Amino acid sequence: MPKFYGYAGNILRIDLTKNQVKVQPTEESLIKEFLGGRGFNSKRLYKEVAKGVDPLSPQNRLMFATGPLVGTAFPLGSRFNVSAKSPLTGILGDSNAGGHFSAEMKFAGYDQIIIQGKSRKPVYIFIEDQEIQMKDAEHLVGKDVYETTEMIRKDVGERMVQVATIGPAAENHVLFAGVFANLARPAARTGIGTVMASKNMKALALKGTGTVKIADPKKFWKLVEEIDEEAYVHPQYWPRRIMGTTRILMLAEKLGILPTRHFTSATFEHAAKVSGERLAREYNVKSRACFSCVVPCSRFYVIRDGEYAGLYGEGPEYEALSGFTARVGNSNLNVALKAVDLANRLGLDAITTAEGIAWAMELYATGDLTKKETGGLELKWGNGEAMLALIEKIAYREGFGDLLADGVRRAAEKLGKGREIALHVKGLEIIQADPRGLKGYGLGYAVASRGADHLRSEPFIELSDEPGRGLEMFGVPEATLRLAQKGKGKLVRYFENWCAIIDSLEVCKNLAENMELLPFSRAAEITEVTTGFHFTRELMFEIGERIINLESAYLVREGIRRKDDYLPARFLQVPLPNGNSKGAIFEIEPMLNEYYTEREWGLRTGTPKAEKLREIGLGYVVEDLKRNGAARVS
Amino acid sequence: MKRILVDVDRCSGCRLCEMVCSFSHENSFGTSISRINVIKEDGFGFDLPIVCWHCDPCKAMEKCPEEAIERRDGGLISVDEKKCVGCGECLAACTIGVIKLHPERKTPLICDQCGGKPLCVEKCPTKALTYTETEMQEPKVPNQVLEETLRRWRIIA
């Protein structure tokens, strides 16, 4: 078996219909063109999941992938991607999580695990190095994420087994169910958990005794020590260690971009009561970290007094916290923690869940939704009890919850109301930051390959509001001013390419990107000394470019065009009513034009041009798009 | 003698100690070849590195049928790999269950304190590990540490 430095060297394919397992060597060309992780998954999705495949059919692929830096002392390498065609959006589905699953997958010996077909009976897959078992999961059906994880640990007699599982929401075919590792580490966007459920599969559990070798240990350690030192003295080190991403809530409040009551306000009068600062002061008992990480930014909390006293768990992170507080107008932190706990146990995407509830609450507030239609739920802003009840109803598709279980786009279509306030792009619900006050982020939501999402680009640098950086990086001072629109095409293209390699190396975006510990040049350096393959800053940038273009081509093949790269009307037509971004509005056309121009894509169609695709080694995509009649490529 | 001590409230469970240990001793990264190991209970947010306490007397040494486990000058326990037959008697004998066999060599992996400058202590991101002069006392089994910790955090009464 050929073995690589950094990589495990094997790709595992499991066919649940045929009950067959196949192991193939990881191809060197795949490594050089796509690095790993998200790059591997997107490449395979394009190749193996043809146009028009039903996401919930056995033809869909469910893919787990890790990266070359994972399972080492490199402090950022703990992530994994889970990808499939999304049942929620009908386009590329993909989600990423940290914790300890990814390293174990590497130690078990696999760079990528592909699951296809559909099992006749409920199963979970248990991998112990070369031994792969489809184990009976009849007793796990209906069990929540926490129960399932515990039962599998008991089943296999091994406490340290890593489990990625779905909860009841996925089994009930809620279209935005996630895959959860380490209980509270969700890869939950785009409904990949629902894809797992459609294969009659409950979990992927693994344990490995393998090891990872490094091509140039001396240079590897030197780089790791450099990065460790930079992390320890970084101004974000302590805020992250104390609050993790929950620190963002008060920052968003101060900037006037905190989505409040379904984006009808950009500031929340109770923000301090539900902040990361308050969690740190009154709830947190210790810090936890992902594999090998020197910045332990996860927290374990215990509710000591009041409602739900005695509840404990890991987290929360900003998106879920903000979603179950400001977005729905809830000022009760204990209720929010209960909501996050529920969403995790039931296996729901907290962002999409919060949008569904907030959307319904807005309709309720305007009188467009009645108590009769909600099945008796009083969906007033901030009604915590109603929110908790609704989360359960969504997961079990009961009553009004059934409507929301298909995501906000379909819910609005079915209800025949609230279409213009269903806040999504391409069917994926918008995250907790108001794009009117963050133009680069907003453009990122509009063009991201998995629908409205910040993690495809996360151009955090515009939060600095320092024109010097924009001038230095893009020759446009406005590029790094959050309320300016000029230069955002350049900004988003650059950050999209960066995020694509970060996701493919499977390193943490908080450290690699936000803390700027892994710029392109250093990503090239560490990957080269780890793997022994030659990488440069330019090659890394090109790999990012290749991944973005291939993902875009996948969307084009499914019928996505410029008309789909839009933000909901609220952001384009209604100025922000209050806060420090008051009056801001999102003018999308000039920003899209700049973005497509920077990408060398067609302006009219918003799709990659044939010439561009050929230039970055995607000639086969041009031919394929032509065959599929999707060519607006010239 | 000096021992590696753990502050369980500080441990983030990152397992970096296992990574630096495995690489410095075995020249590759892996939790299966590390001499220090972190026990985790995600449900309770509990992380506990366990590493040889170099007990005196050492139960594993007493049980070893080949007399392959010996005490060196300075009190450290070590394994004579030539004598060891990989029977695994020491695994069950060890008070805190810290011993495991190398997956290929099948000989026990026991902490050597890196010759007096333990790398895991040096690299621990939260200073949960310290290298401290400590009198011999019966080490606590992991379950006992878990119980005490959860009581302190008021998760159990």
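Two residues are in contact if their C-beta atoms, placed from the backbone, lie within 7 Å. By that rule, the contact here takes 30 residues from chain A and 26 residues from chain B. This is a predicted model, where local features need pLDDT of at least 70, side-chain atom pairs count only at pLDDT 80 or more, and totals for chains, interfaces and linings use all residues. Residues are numbered from 1 along each chain as its sequence is written, while chains are lettered from A and ligands numbered from 1 in the order in which they are written.

**Where the chains meet**
- On the side of chain B that touches chain A, helix α1 (residues 16-26) of chain B gives the largest share, 4 residues. Helices here are DSSP runs (H or I, at least four residues), strands are E runs of at least two, and both are numbered from the N terminus.

**The sheet in chain A**
- Now for the open sheet: 6 strands line up as β8-β7-β12-β9-β10-β11 (chain A), with mixed pairing. Two strands pair if DSSP finds at least two bridges between them.
- β8 (131-136) and β11 (185-187) of chain A sit at the edges with a single partner strand each, so one side of each has no neighbour in the sheet.
- Strands β9 (residues 162-165) and β12 (residues 201-207) of chain A pair in the antiparallel sense over 4 bridges, and Val163(A) stands opposite Ala205(A) in β12(A).

**A spot on Leu377(A)**
- You'll find Leu377(A) in the loop between α13 (350-365) and α14 (384-395) of chain A.
- Leu377(A) counts as buried because it has 23 C-beta neighbours inside 10 Å; the cut-off is 20 or more other C-beta atoms within 10 Å, with 12 or fewer meaning exposed and anything in between partly exposed.
- Leu377(A) and Leu390(A) are 13 residues apart in sequence, and 8.0 Å apart in space, C-alpha to C-alpha.
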